[in-house]
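Have a look at the structure first, then read on.

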Amino acid sequence: MVNKKATLALLLTLTFALTACTLQDLPVIGKFLPAVSLPSTGPVTLNMWGLWEKPEVMDVLIAKYQTAHPNVKINYEDRSVLNPAEYKDRVFGQAGQTIDADIVMVHDSWIPALKSNLAPMPAKLMSTQDYTSTFYPVATDTAVADGKVYGMPYYYDGLVLVYNKDDFTSVGQTDPPTVWEEFRRLALRLTTHSGEDGTDIVRAGAAIGAADNIDHFSDILGLMLAQAGVSFPAELDSKNAQDAVAFYTNFMKEDKVWDASLPEASSAFAQGRVSMIIVPSWQVLDIVAANPGLNIGVAPVPQALPDKPVTWASYWLPVVPTTSKHSSEAWDFINFLAQEQQQLTLFSEASKNRPYGAPYSRVSLASQLQSNPYLKPLVDTAPYAKTTTAAGRAGNKKEVDALKAAVDAVLNGADPAVTLTSAKEAITK
């Protein structure tokens with residue numbers, strides 16, 4: 001009997017070793033066993049192109065992963081030194097070819113155009129249903145196609161309204177505006193002028209209406225287009241798109257709450273020269289660093305239709321090129337980074353050197369930011385976020401240049417219908 005048991009054990013062991021990848025592959029009994037991620041048979045080196053997060057912060061998570069997976073070595077290469085347009089050219093230029101990276105950070109707006117050159121997440125890591133319930137809807141909108149997941153975010157970001165509380169007090173305003181018309185009226189009240197003819201802006205009410213000195217103008221315009229239900233760029237020549245661009249430019253043309261003589265928007269805000277700006281949450285860190293004593297508030301972006309809210313997302317997330325020889329291991333590390341504990345660790349490590357870390361991408365962690373005055377408005381409105389290639393500071397040069405040309409032309413008196421038709425042609429050709 002002992003010999004028979006030994007023989008049976010040996011046969012099972014040999015069967016597993018020769019044919020099975022996981023315990024679930026064992027015949028008959030495999031389906032009753034829990035999922036177990038087995039280590040690779042040999043050493044694996046993963047090369048990751050990282051962005052925006054300092055290597056010493058990422059090294060904490062890399063070391064933690066490598067301790068649990070001693071057969072995996074991860075080389076983190078910070079590519080933040082490249083401007084986004086140059087970085088995008090390199091990623092798209094090498095798409096489908098041999099690329100010296102197993103994990104690449106890409107902007108959320110790139111994935112639809114890149115997905116044919118990306119290795120999807122192994123289904124055993126997470127179902128698409130679980131993915132949809134784990135992350136904000138915009139992640140599903142951009143990174144899920146045909147039932148497959150092509151990217152998994154380990155942080156989130158998007159637009160917020162940042163305002164000077166002292167300026168608000170000076171005009172008797174206590175709460176931030178919630179709709180665009182309220183925003184417009186408040187911007188007019190906040191704007192102060194000087195000069196013989198009273199046209200020189202001393203304090204701008206809001207950084208909006210132009211393209212040249214507003215870094216995130218295309219994001220703001222993209223937000224307005226999304227709120228108007230415009231599919232970008234397919235419907236850029238529609239009446240709704242024309243109305244959105246006219247409304248945007250009128251802040252400068254008609255209302256004159258901003259002008260071309262002012263510094264770039266975030267710099268002007270840090271200098272106390274503008275009362276309201278719309279920027280991603282990471283830009284708030286730069287403002288606080290430039291002027292720590294500034295009394296600022298952060299709120300959700302204004303809405304066109306409060307009962308149908310739309311906000312704006314713009315963030316980067318890791319993907320795996322099809323040319324990676326270690327796509328399973330690469331995806332395992334990406335999945336590790338996106339877990340709750342790792343996001344909490346990343347936030348904590350980053351917060352050692354700045355006021356706060358990257359906002360969490362998991363819906364379950366939104367409650368952790370309810371006491372953070374800078375990030376609460378962002379995560380509270382993340383469920384309504386949209387994004388397109390109108391996103392600025394994301395390497396979308398063709399789209400941003402086309403929108404800039406359209407805004408500049410309208411400011412100079414051109415018909416929005418004509419300029420937006422030209423913009424659409426420039427983007428889609």
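Strand E6 (residues 159-164) pairs with E10 in the antiparallel sense over four bridges. Strands here are DSSP E runs of at least two residues and helices are DSSP H or I runs of at least four, both numbered from the N terminus, and two strands count as paired if DSSP finds at least two bridges between them. This is a predicted model, in which local features need pLDDT of at least 70, side-chain atom pairs count only at pLDDT 80 or more, and totals for chains, interfaces and linings use all residues. Residues are numbered from 1 along each chain as its sequence is written, and side-chain values use heavy atoms, leaving out hydrogens and water.

**The three-stranded sheet**
- This open sheet has the order E9-E6-E10, with antiparallel pairing.
- Its edges are E9 (276-280) and E10 (296-299), each pairing on one side only.
- The twist averages 30° from one strand to the next (axes are lines fitted to C-alpha atoms, for helices over the stretch in contact; angles run from 0 to 180 degrees between N-to-C directions).
- Tyr-163 has Gly-297 in E10 as its bridge partner.
- Helix H8 (residues 180-190) lies across E6 and E9, at about 130° to E9.

**The four-stranded sheet**
- Here the order is E2-E1-E3-E12, in an open sheet with mixed pairing.
- E2 (72-78) and E12 (316-319) are the edge strands.
- E1 (residues 44-50) and E2 are parallel, over seven bridges.
- Met-48 has Tyr-76 in E2 as its bridge partner.
- Helix H2 (residues 55-68) packs on the sheet and touches E1 and E2, where contact means heavy atoms within 4.5 Å.
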